[in-house]
Amino acid sequence: MSTPLIGVSKSILKIKELINHVADTCLNVLITGETGVGKEVVAQNLYTESNRCSKNFVKINCAALPETLLESELYGYEKGAFTGAHRKRPGKFQTADKGVLFLDEIGDMPIALQSKMLHVLQSGEFSPLGSDHDFKTDVWVIAATNHDLEESMYNKTFREDLFYRLNIIKIDIPPLRERKEDISPLIEYYFRLYKSEYPNNHGSKPDSDMFAKLCNYPWPGNVRQLQNCIKKQMILNSWQKVFNELPKEHEDDLPDILTDEQLGETQSFAKNEFANDRSSIISQFVDLSTSSEKLFEDISLKKIKKLASDRVEKEVIAFVLEKLGWNRSKAAKILKISYKTLLYKMSEFEIHPPIK
């Protein structure tokens, strides 16, 4: 029986609704989110709600195995296929036939194996190592990653065609710090679950003051970290001790490279840039040396507003990228735009990293 998807936030309710819509379609699903948010839980719920629930749910962690071992685990091998292959062994694609294959940490799959994975997804056929025969497979592939695959595609570490083959249905799970309303039902659920696992211990639920502290905590390890805290509390019977031992600082996806002073520079860029006299400001967008007739033809408030906006936007994007060492993924998050939008704007404004 799969773990239920616990939560009352809008994002979790939307995910539950999407699971109900997608479960019987068997369309490839890509689940994204930070480590510990519950990507495998979502995959298991998709499987449980599908018409494949009577067949196998097979998981493989693409980050946990070296390339050669991962290939043999996925596709199987014939006896004598390599040193140590003393007998024939089926792979995960065979074991999961008619069921679900969950490819965890797909973003860590070596690039050399991605082309073979793409072929299997397109044709439904694969060949075990050491075999001259192709085998048919009917699996529902659900993949998960904590990587930004769009950035990986840009860096040529993840195939674009494989991404679009996997990303037919995308389910993005927000981090726990962005859905604080889910903390209470999560504590309630796991407290009941672990109480039966640790019957000789006398844990308790947090009081209102401690609950407020837990809600204000950023939970870098997400739901998995919260689960471990509840287990620990069941043993220690002290929320205060558990809370005191939580790391109070952590490296987030949004690093503290930008200091308050630097952010102030960004926010006041337009003011500093255009704090000249009136003619100097206008001359940046209009040629004041032309005749009056031509000059007034060029002065369009809408046009100048666009030019000024583009200039400020270009400088702010370049500023943030420089401060982040040209890490596009982190820059997109700080600027609150999508990775694709950032790439488009970098191309539009001709923003390029320095040549090394």
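Which side chains does a polar contact of 3.2 Å join? Select E34 and N222: their side chains form this contact, a polar contact being a pair of N or O atoms within 3.5 Å, where within protein one must be able to donate a hydrogen and the other to accept it, and residues adjacent in sequence count only if both atoms are side-chain atoms.

The model is predicted, so local features need pLDDT of at least 70 and side-chain atom pairs pLDDT 80 or more, while totals for chains, interfaces and linings use all residues. Residues are numbered from 1 along each chain as its sequence is written, and side-chain values use heavy atoms, without hydrogens and water.

Remain at E34, in the loop between β1 (29–32) and α2 (39–49); helices (H or I, at least four residues) and strands (E, at least two) are DSSP runs, numbered from the N terminus. E34 counts as buried because its relative accessibility is 18%, and buried means under 20% relative accessible area (1.4 Å probe, protein chains only).

C62 is buried at 1% relative accessibility, and C229 is buried at 6%. The structure holds zero disulfides, a disulfide being a pair of cysteine sulfur atoms within 2.5 Å.

Finally, select G38, K39, V41, R224 and Q227. Of the 28 residues that line the second largest pocket, these are the closest to its centre. α2, β3 (100–104), α8 (183–197) and α10 (222–236) each give two or more residues to this lining.

Terms used: Buried means under 20% relative accessible area, exposed over 50%, partly exposed in between (1.4 Å probe, protein chains only). On a 1 Å grid over the protein atoms alone, a cavity is a set of points where a 1.4 Å probe fits but cannot get out, and a pocket is an open set with protein on both sides within 12 Å along at least five of seven lines; lining residues have an atom within 4 Å of a point.
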